[in-house]
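Dear colleague,

Please find the structure you asked for below. My notes on it follow.

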Amino acid sequence: MKPTNNQIKLFTPATIGLLLVIIFGAYTVLMRFKMGDIHTNMQDDFPWGIWIGFNVLGGVAMAGGGFVTASAVYLLNMKKYKPIARPAILTAFIGYLLAASSIMIDIGHPLRVWHPVVMWQIQSVMFIVAIHVLLYTTVLALESSPMFLEKLKLDGLKTIVEKIMVGIALFGTLLSVLHQSSLGAVYLIVPYKLHTLWYSSILPFSFLVSAVMMGLCMVSFLMILSSRFFKCSLNMDILTGLARGALVTAAFYLLVKTYILLSGPGLSAAFAGSMESRMYLLEMSVGVLIPLFLLLLPGIRNSLAGILLVDILVICGVIINRLNVSIFGMLRQAEEMGVQYSPNGNEIIISLFMVAVGALLYKLAVKYFNVLSYEDV
Amino acid sequence: MEASFLVDMTKCIGCRGCQIACKQWNGNKTDKTKMGPKFTNPVKLNAKTYTNIDFFESVNGDKLTYDFARNGCFHCKKPACVSACPVSALVKTKEGSVIYRAERCIGCRYCMLGCPFNIPKFEWGTVFPKIQKCTFCHDRLLENKIPACAKTCPSGTIHFADGIENNLKEARRRLSENPGKYFNHIYGEKEVGGTSVLLLSSVPLDQIGYQKVGDAVIPDLTWKYIGGIPAVIGMVLAAGIGSWVITRRNKNMDKEDNS
């Protein structure tokens, strides 16, 4: 059953909710650019807040599904997953656009955002991150271009893009591996600020593995949501496959996290009873241990409700991990400097605005382009 | 010239002359002062205060004694902020100072995150914000003048020398000639791989607000990752092309089987 434009209503209660968030958020964004800087709770001893921690780190991790799916379909030739290539890559594209927009809102000189491209400073992880955001967003635009090109009836161009898709996908995979890990590498610079539960020399690797795990669950989550909201058919075979992939990745991620814990502060630090240890246990149980346990049960792995539950747990768990690294794990150091941080209204509304814009863009793309009902030869 | 300070907190009298000289030379506006539990004012460094004297009050028997601490940039030999900056807005000069080139800055604030001493400050709430930090009076160094704070200091607390080695020698001399006077540690000799500003104090330095940091050179920590990127590129390309070739061959064989 293919969803058609008629079947997807433009205005539903959920969409109206999104629009309300977008209107409030757009006003705040405008004020931020008009006044230079709206009031936020970011400050000298706590320079990065939830725009980086949630929107950029969380958003990019969510987009991990794009490169995982693209490499499965185009490099490993796993035909089974072809139907999810378009939604997965589109989601990643939207995710990266929003992460890039969040960076534009966050930095002090948005008009100079191009500076890293010409002022190379290869010692800087931030430079590596900036170049990868730029290149990978371009790659995602190319990867998702066929669905726009076919709508514009530019078949010649579409054929060209599809011919070189394997090359694009390979380049995209390379950029993703580097970008996901470099976001972890950003925090290698804070050995005395980030709590030892998270600081580790293999933080880049841990970010990469968790992004793969989250990417698989994000794609699966979106497929289930799409079937619910857009009434398209659901391929249980694909979902089970994704769940199996998530199981393997989660098991490996558990090993990585265990290594970080044991080579760092030791097992007892996780049960120290401090705020950090509680956040750590929350992250580990929600994002790794419970999903892993559930996925080991074939009954869960083969049931829609079970997979949906695991997806939500993993997505929340990885977001908590990113917040732990960027905010909760840094609070103790800030406290020693005599400051505290929690996001204020302006920061929260802009963060939610980004999520709402992403959801709306996805919905519009599904309505007007051939995203979900795409069936290739 | 390679500028270096030896800051001997046992000599400090808490006059805050250095704070005033710094503000005057750099044209930084004054701060609203605040009554607080401590005499420190301004309470913290900020975008218009590059240096301040921190007052630590303690009761010794029936006497009130003060320990002072000088806050400001340490001008690390291998600065984390310089390695953090994606556009080389921050550079370590051959004169020894870490300076900021505003026209390059994109305002990402990674330098603030990276600095183990939280020195770079941001002009929050302005339309075209800059990072602000002590420049070691780089403009004065270029004219062979010593930095304003050292020039002003009436008690000899801030001792300027050309070359870190000279100040290290002087610090060691003071430590060996005055047993018992100092806490036996030269802060900045080994911290984060060595800094251009060295500190002596009569009390353990973490008691007067200095960050406990290790000896690891912070830019080396991130370079371990960046230096590994070529290898990662090689591995991903090899794995990607390899798997594509194999799966493609399988596909072709499938087709042949079907036909």
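**Around A:M223**

A:M223 touches A:I84, A:L234 and A:L239, leaving aside residues up to four places away in sequence. This is a predicted model, and the contacts should be read as such. A:M223 sits in helix α10 of chain A, which covers residues 203–229. Its C-alpha atom is 7.9 Å from that of A:I84, although 139 residues separate the two along the chain. Is A:M223 buried or exposed? A:M223 has 24 C-beta neighbours inside 10 Å, and the cut-off for a buried residue is 20 or more, so A:M223 counts as buried.

**Where the chains meet**

Chain A contributes 43 residues to the contact, and chain B contributes 51 residues. On the side of chain A that touches chain B, two or more residues each come from α3 (64–75), α5 (115–118), α6 (125–143) and α9 (165–185) of chain A. Of these, α9(A) gives the most, with seven residues. Sorted by class, this side of chain A has 27 nonpolar residues, 12 polar and four charged.

**Chain B and the confidence values**

Chain B is split into domain 1, made up of 3–77 + 134–217, and domain 2, which is 228–258. The C-alpha centres of these two domains of chain B are 60 Å apart.

Chain B has a mean pLDDT of 93, with 98% of its residues at 70 or more. For the complex, the predictor gives an ipTM of 0.92 and a pTM of 0.93.

Regards

Technical notes:
Residues are numbered from 1 along each chain as its sequence is written. Chains are lettered from A and ligands numbered from 1 in the order in which they are written. This is a predicted model: local features need pLDDT of at least 70, side-chain atom pairs count only at pLDDT 80 or more; totals for chains, interfaces and linings use all residues. Domain bounds come from an automatic or database domain assignment. pLDDT is the predictor's confidence in each residue, from 0 to 100. Two residues are in contact if their C-beta atoms, placed from the backbone, lie within 7 Å. Helices (H or I, at least four residues) and strands (E, at least two) are DSSP runs, numbered from the N terminus. Ala, Val, Leu, Ile, Met, Phe, Trp, Tyr, Cys and Pro count as nonpolar, Asp, Glu, Lys and Arg as charged, and the others, Gly among them, as polar. A residue is buried if 20 or more other C-beta atoms lie within 10 Å of its own, exposed if 12 or fewer, and partly exposed in between; C-beta atoms are placed from the backbone.
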